[in-house]
Each structure stands twice: as structure tokens, then as C-alpha cells.
Amino acid sequence: MHRSKRARSFVSVWLAALSAAAVAQSAVDPEPELVVSSALERIVAGTAASSTPEIQIASGTVASHADQLIVSVRFTNVSKSLVDTVRITSPIPADVKYVPGSASGPGSEVLFSVDNGRTFGRPAELTLAAPNGGTRVADPADYTHVRWVLSAPLDPGASGVARFRAVPR
């Protein structure tokens, strides 16, 4: 298939429960444009000999309540074309809660969802039903997904990392 150097419309990537690797595909081109992988890292308190936190790759078990976790999403444009709009979406595992203000990504707007990824917005825009029948502003503990929307096109071969921190519930 011939690939032109024209810009693509957009690529949206959803990570499946922190899968080891995922490949994003555009609706118009069945060849992969982005290769995406995610990692869950654990911040472990330093030992008596060192008070400096140490970052270790998390095992399959849940971290203790004293640990903080880092969810890292790495992405690379593997196509020969510029990708106009890139949206990377990561679920927040059910057994952890998002640490406010911790999401970061290269030149991106960070949005959140409180309805399992159906809609996204900035923190002040997210509301939930209140017990009294009204609505309330969502708390970071209510977030179910994090989305990074890159503000600039992604060049061929370019890569980046988006991250957020979480603590066990």
C-alpha cells in the first residue's frame, strides 16, 4: 500500500487494562500508526540506609497502602506520515485512585472521565449525582480514565511518554 506524506485525520488509543503492548490503528488505514505500551511502576519507601524513594517495577500483586504507583504510557509513531491528532486514553485500575495534579504528557492537554471513558473533561467540568438529588463536582478519587490530547502533530518516528500517579484504595 502506498503511504502519502499527507497528515492523517487522528489516532485515538485506548489502553486495555495496562496491557503490555497495544497497537493503534486509524479507521481509514489498517496499518498501525502508533505503537503503545504501558507500565506500572511502584515507588517504594527507602530502607533504613537510605531515605530516598526507590522506583521498582510493580509485580502482579497490589502495592501496600504506603506505596505510590506511576502509570507510564509510551507511544511511537511508526508510520511514515505525520499523525495530526493523537489521543492516548488509559483506564485507572479499579484498585487505585488518581493522585491530583500528577498527570503529565509532552505538549498535551490532560482530561479525565468519571463515567468509564464515555465522556471526558477538565476537573472543574466533571460532575456526579449527589445523594440529595443534585450534582457535585467530581473528586479525583472518582476518575475512571485519564486522556492526553497532544497539542501538536506527531512526526514519523517521534515518541513520547505520558504518566500519572495513583495510590492504592
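Predicted model: local features only at pLDDT ≥ 70, side-chain atom pairs only at ≥ 80, totals over all residues.
Residues are numbered from 1 along each chain as its sequence is written, and side-chain values use heavy atoms, with hydrogens and water left out.

**Overall make-up.** I looked up the secondary structure next and found zero helices and twelve strands. Here helices (H or I, at least four residues) and strands (E, at least two) are DSSP runs, numbered from the N terminus. Of the 169 residues, 40% count as buried; buried means under 20% relative accessible area, exposed over 50%, and partly exposed in between (1.4 Å probe, protein chains only). The chain exposes about 9,000 Å², and carbon and sulfur atoms supply 56% of that. These areas come from the Shrake-Rupley method with a 1.4 Å probe; for residues, only the protein chains shown count as cover.

**Aromatic rings.** How many aromatic pairs does the structure hold? I noted five. Rings of Phe, Tyr and Trp (its six-membered ring) pair if their centres lie within 6.5 Å; planes under 30 degrees apart count as stacked, over 60 as edge-to-face and the rest as tilted. Tyr 98 and Tyr 143 make a tilted pair, 5.6 Å centre to centre with 40° between the planes. That pair links distant parts of the chain: Tyr 98 is in strand β7 (residues 96-98), while Tyr 143 is in the loop between β10 (135-137) and β11 (145-150), 45 residues apart. I also found Tyr 98 in a tilted pair with Phe 164, at 6.1 Å and 45°. Phe 164 belongs to strand β12 (residues 159-168), 66 residues from Tyr 98. Phe 164 counts as buried because its relative accessible area is 0%, and Tyr 98 because its value is 6%.

**Glu 109.** Is Glu 109 buried or partly exposed? I logged Glu 109, in strand β8 (residues 108-113), as partly exposed, because its relative accessible area is 30%. Not counting residues up to four places away in sequence, Glu 109 touches Arg 122, Arg 147, Trp 148 and Val 149. Its side chain makes a polar contact with the side chain of Arg 122 at 2.5 Å. Such a contact is a pair of N or O atoms within 3.5 Å; within protein, one must be able to donate a hydrogen and the other to accept it, and residues adjacent in sequence count only if both atoms are side-chain atoms.

Notes
Contact = heavy atoms within 4.5 Å.
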